[in-house]
Amino acid sequence: MKRILFIVFCLLLPIFYISILAQKTELKGIVTDGETKEGLAFVNIVYNNKNQGITTDMDGNFLIKKPSDIEFLIFSYLGYESKHLSKDEINFDDFLTIRLTKKVFNINEVVIFPGENPAHRIINKVLENRKLNNPDNLSNYSYTSYNKMIFTLDIENAKNLMNDSTLLTHEMEMDSSRIKMKQFIDSQHLFMMESISERKYKKPGKVNEQVIASRVSGLKQPSFIMLATQLQSFSFYDEMITLMDSRYINPISTGSTNRYFFNIEDTTITERGDTVFSISFKPKKNRNFEGLAGLLNINSYKYAIQSVVAKPVESNGIIDIKIQQNYKLIDNQYWFPVELNTDLVFGNMLKAESGGFQTNFIGIGKSYLTNIKVNEDIENNKFKAIELEVDKSAYAQSDSVWDKYRYIPLDVRELKTYKTMDSIGKEEKLDFKLKTFKALSTGYIPFYFIDIAVMSLLDFNVYEGFRPGIGFRTNDKVSPYFSVGAYTAYGFKDNAYKYGGNLLFNLAPKQELQIGIDYKNDVMESSGYQFFNENSGFNSTEIYRQYLIKDMTYNIDITANLQFRTLKHLKVNLLSRKSIRKNTSSYYFINGNGIDEPAKAYHFHEAGIQFKFAPNEKLAYLAGNLISSNPNNTPVLYLNLLKGFKNNFSDFEYTKIEARLDISFLTKSFGRTNLQFVGGKTFGDLPYYMLYNGHESYYDFDVETANSFATMRMNEFLSDEFVSIHFRQDFGGLLFKAKKFKPKIIFTTSAGFGQLQKPELHHSIDFKTMEKGYFESGILFNNLIKQMGFVGYGFGLFYRYGPYSFSNNSDNFAFKLTLTFDL
């Protein structure tokens, strides 16, 4: 009987075990790096002989819904040793923690395939379905995103250094500074911020995003936020991928199989029966382009990206970035990003040092998208000119709101970060310091109730020489609705004082509705032109030209203007100006009444309208300020229409029409192309300083200035109508790149045409006219020397040719120093 019972027990035990296993509804776990203990995203997990499997999420977590299907567990991930667990080694009752070990391998190793690379068939299928799977090709969508960004120290690196036997010997214990550093990084982060936003999209390109909650450690009223799309492209389907304002050729783009090497690392079968291909990618050897390296998981259903890990192949030396994106099938039909991660490692410019060792600052950004709705009709009235706006209550949301949207509750370190930094922020008045930094970034130094203009303290140009002075305006402490400003300066070369003041009423910030009155007794460039709200950008070298101006006219004017935004992308400025202008040279003008004496002062009265149209401009309303950005700086159209009146208080009647068009675009093979078209025409007889010079920038040796004529002498040409074209082809590092030597090469060509209807009216000045056309070309070698990782020095060579070239050929050359900033 005992033997029979034993046999029955042995026969029933597997059935009993299987029934118990079947009752367990799911198996949970996490896969981490064996050293850093950080979760590994998109690890392939195969669990039976049918090759069925899943992948981990962005945080390394996994969930197998039917443990009864599990025969074993195989964990595989690019760059790590695979791990195999038999069924007997799996504890189905526990949360599994799997640690993978990094491989030691040669990153330059390339697999050679006989015939066609089998990965190309899959990549080509992805390309065929790219438009179908790109979320931005959907009619519309909406989602809610929870975003978190943490800045901290590289803990594992710091710990390793602290415990390194070369640093800690039996004779020397860890000093107090190291102990404090270890205690600090074990207990909290340096800084963190969170936000919750609701985003709506409607094709083509209509966006509305409302930030309903925002929190920044140490600050009560932050003027910045963390969003899912700030550091990386929203989806991985565009021809070019944007990472922190840098653009890279997408491995999923036209012709990518000629640029990238692809390798199938693994294949798995999903629970719904689809095949997932894990394909690594990196630029092919000896292919010079801005590329990425990483891993794509391609799902055979619609051949869509299921997940991707990518980082630039080459570091910029300032910040290294790695991104991760995870997609899910929405409504069993549409692939949509649900998680976006960004990892930042700051370079040598920003390190923490304590007790004789250094460790890196790092940033960890995570965005989780929920409440995703696809192709549900969204009314057009949901979309306004302002695409991003922060709700008034965003900075004071309750814990219940945060708990509702947080994908993972805050851990102990994060909670202490808020507690500690909020206390420090109150004690150190970080909100005030942030406002100070914000003012500095716009060129002002806050001082009680006024902001002092930094550039007014010391300026320079060839005409005035060094120009010390001071300028200020009242700030929000006086009133957010108006400001009063004034300035004074003195030119050491022309020995003259200048001064002025203004009154500005800020009536409607969201519409940029302002009324202003300005008074100036100052100098201005003779024969120059200026457009409304023109912006050449921080990285443009156009700003250097103002230091080269050597012909100026004294000007006393009072201007009233009204400016506002209309039609979303159009800004308008209406103005009325009265002025007295006088040139101190020996120039004299012949008007309708005869010859005027040299240095005669003329009176002008003009009214006008100015436009700026930027169709790709993005608008955000943050902390009471309307912020404008144009990601690609293109296209932008400027237009001036000015009318001068002759009356008892004005000497001339005239009309001026001026326009400028800026175009910029990026191509995969040639880099960035920049074009500027500018022209002007004057109707009526005017003194030379009211006409147009050639917008020149030549000196014997000076700093290169974009969109000007580098070989044209200052005030060499004079026109009452003109048109100029400036072309710049910025190849970046596409033409030449070594391991440490990475110059950026730019080719330029400029052409100008102009004429002067009545040159006989202008005497005692030397000038030429441009009827035959002025031509020059040049080449720039930027970043030959780099300083601090982002300041670049180089040189440029320009050559003048055509009808206005000099007979002495050496005079046709211009040599320039180049100074650039690449952040």
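Student: How many helices and strands does the protein chain have, and what share of its residues count as buried?

Tutor: In this predicted model, the chain is made up of 823 residues. Its secondary structure comprises nine helices and 47 strands.

Student: What distance should helix H8 span, and how far apart are its end C-alpha atoms?
Tutor: Helix H8 runs over residues 412–428, which gives it 17 residues. At 1.5 Å a residue, H8 should therefore span 24 Å, and this agrees with the distance between its end C-alpha atoms, which is 24 Å.

Student: Which residues of H8 are buried, and why do they lie on the same side?
Tutor: The buried residues of H8 are Glu414, Thr417, Tyr418, Met421 and Gly425. Because they cover an arc of only 95° around the axis, they are on the same side of H8. On the other side of H8, the exposed residues are Val412, Lys419, Lys426 and Glu427. The elements against which the buried residues of H8 pack are strands S8, S9 and S10 and helix H9.

Student: Which residue follows H9, and what is its phi?
Tutor: Helix H9 covers residues 430–441, and among its residues Asp431, Leu434, Thr436 and Ala439 are buried. What covers these buried residues of H9 includes strand S22, at residues 444–447. The residue that follows H9 is Gly443, whose phi is positive, near 95°.

Student: How many residues are in the largest nonpolar core, and which of them touch the most other members?
Tutor: The largest nonpolar core of the chain holds 48 residues. One of its members, Phe236, has contacts that include Ile241, Pro251 and Tyr327. Apart from this core lies another, of 25 residues, among them Ile64 and Leu85. In the largest core, the residues that touch the most other members are Phe236, Ile279, Phe281, Leu292, Leu296, Ile298 and Ile305.

How values were computed
Residues numbered from 1 in each chain as written. Predicted model: local features only at pLDDT ≥ 70, side-chain atom pairs only at ≥ 80, totals over all residues. Heavy atoms only, no water. Helix = DSSP H or I, 4+ residues; strand = E, 2+ residues; numbered from the N terminus. Expected span 1.5 Å × (residues − 1). Buried < 20%, exposed > 50% of the residue type's maximum accessible area, 1.4 Å probe, protein only. Arc of directions from axis to C-beta. Contact = heavy atoms within 4.5 Å. Core = buried A, V, L, I, M, F, W, Y, C linked by side-chain atoms within 4.5 Å. Lists of a residue's contacts leave out its neighbours within four places in sequence.
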